[in-house]
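Here is a short walk through one protein. Look over the sequence and the structure before reading on.

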Amino acid sequence: MATEVVHVVDPDNGSGADYTTITAWEAAQQRDLTSADEIAVAKCRCTGSTGDAISIMYISGWTTDATRYIKIWTDPTESYRHSGKWSTGNVYRIEATKTSSSQAIIDVQEDFVQFVGLLMQSDNGGQLHAKGINFQNSVADGSEFLVDSCIIRALHSGASSYANGIDCTYVSTGGNRTLKVQNTLVYDFSESNADCGGIVQTYGWNVLSYNNTVHNCWDGIYCGNNASNYHVVKNCIVQDCTETCYGGTFHADSDYNCSDDGTHPGSNGQTGEVTFVDEANDDFHLNSTDSVALGNGLDLSSDASNPISVDIDGDARTSWDIGADEFLMAAGTFYEMWELGQAPQIYNSEGGVDGAMAEGSLGDQKVKIFVETLNTSEQTYEDS
Ligand SMILES: [Ca+2]
Ligand SMILES: [Ca+2]
Ligand SMILES: [Ca+2]
């Protein structure tokens, strides 16, 4: 059993910090993990409010295998992970500003790497082909990667092509590299010169995209090769894309997806505009009044290829919503305040006002209702 070697990355250099940037950690720790029999873990914190400002992070100079790999993450038992939307303050985030063309936020050149619970931002700095995570074609046949519960967003200006949020680089010799992307949000890779995608698969790569949300990209989720390889898409939301929500021909197992243009693969999907908590401000949690994604997904807890059980917030998936977020009402909180002359309001589990309640919309969720009557006496109801 390989030993986990954990170092703390904290741009605010707080107590326990080993490095103040993720790139410094990578450069100092690169080694042969297979001969050392180690898993290299970067545990990322933000004890002040400083973002991890880089131009690009290369992951290279390592030797890895399936059990001795690289893991970069925020530990959900600490307080530095995002809450399912872009945040500042004490939330760890990589803020990459590009200095030349074709730079990614993270350029992956090693074979077994995991990214969990990270915010990543690509500012193209006026450069062409700015990407989010770029998986290079130099990685070995048989290599495997995970992107789980991450948010990848673009602050791009101008026209460019091949500015993809998650990019699997074409491998001329083919083969089978595996990428699993789940509970992840990708948005605004939408430059006006085409071929900018949210999650892009191509030759040499097999991709499993489960329970992701992609918004405002040129192409949302793309399958560039379905002859020698595949892209399986389940429970994904894609909305507001320029050319197409889903492009290419996906694997036949793809199902229970949603789009606003009808391009989603599978026969159990939904076409329509998803109602998010605050779409204009990029909060893509599901609103309780949504009728497109809520409860319309497939239970993937026993999926043969990649079982999952939680959402981007770490909430247990129970009603199987489509997209990165599972709408959840936490027990023991007042969700609805009802005052005479005012429409009933629903407060969602992420803390925001989630719209007015429609009769019957609560389904089988457990809620408490606080009622203020004319004579100001209070009553509490609990409904399961
Ligand atoms: Ca390196
Ligand atoms: Ca929309
Ligand atoms: Ca949630």
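Among contacts in the protein between residues at least 6 apart in sequence, what percentage join residues at least 24 apart? The figure is 68%. Two residues are in contact here if their C-beta atoms, placed from the backbone, lie within 7 Å.

A word on the source. This is a predicted model, where local features need pLDDT of at least 70, side-chain atom pairs count only at pLDDT 80 or more, and totals for chains, interfaces and linings use all residues. Residues are numbered from 1 along each chain as its sequence is written, while chains are lettered from A and ligands numbered from 1 in the order in which they are written.

The protein has two helices and 31 strands. Of its 384 residues, 48% count as buried (20 or more other C-beta atoms within 10 Å of the residue's own, placed from the backbone; exposed is 12 or fewer, partly exposed in between).

Confidence comes next. pLDDT is the predictor's confidence in each residue, from 0 to 100. The protein averages 89, and 85% of the residues score at least 70. Over residues 331-341, pLDDT stays under 50. It also stays under 50 over residues 359-384.

Now take Asp195. It sits in the loop between strand 15 (185-187) and strand 16 (197-201). Asp195 counts as partly exposed because it has 17 C-beta neighbours inside 10 Å. Leaving aside residues up to four places away in sequence, Asp195 touches Ser161, Tyr162 and Trp218. Asn164 is 31 residues from Asp195 in sequence, and their C-alpha atoms are 8.0 Å apart.

How values were computed. Helices (H or I, at least four residues) and strands (E, at least two) are DSSP runs, numbered from the N terminus.
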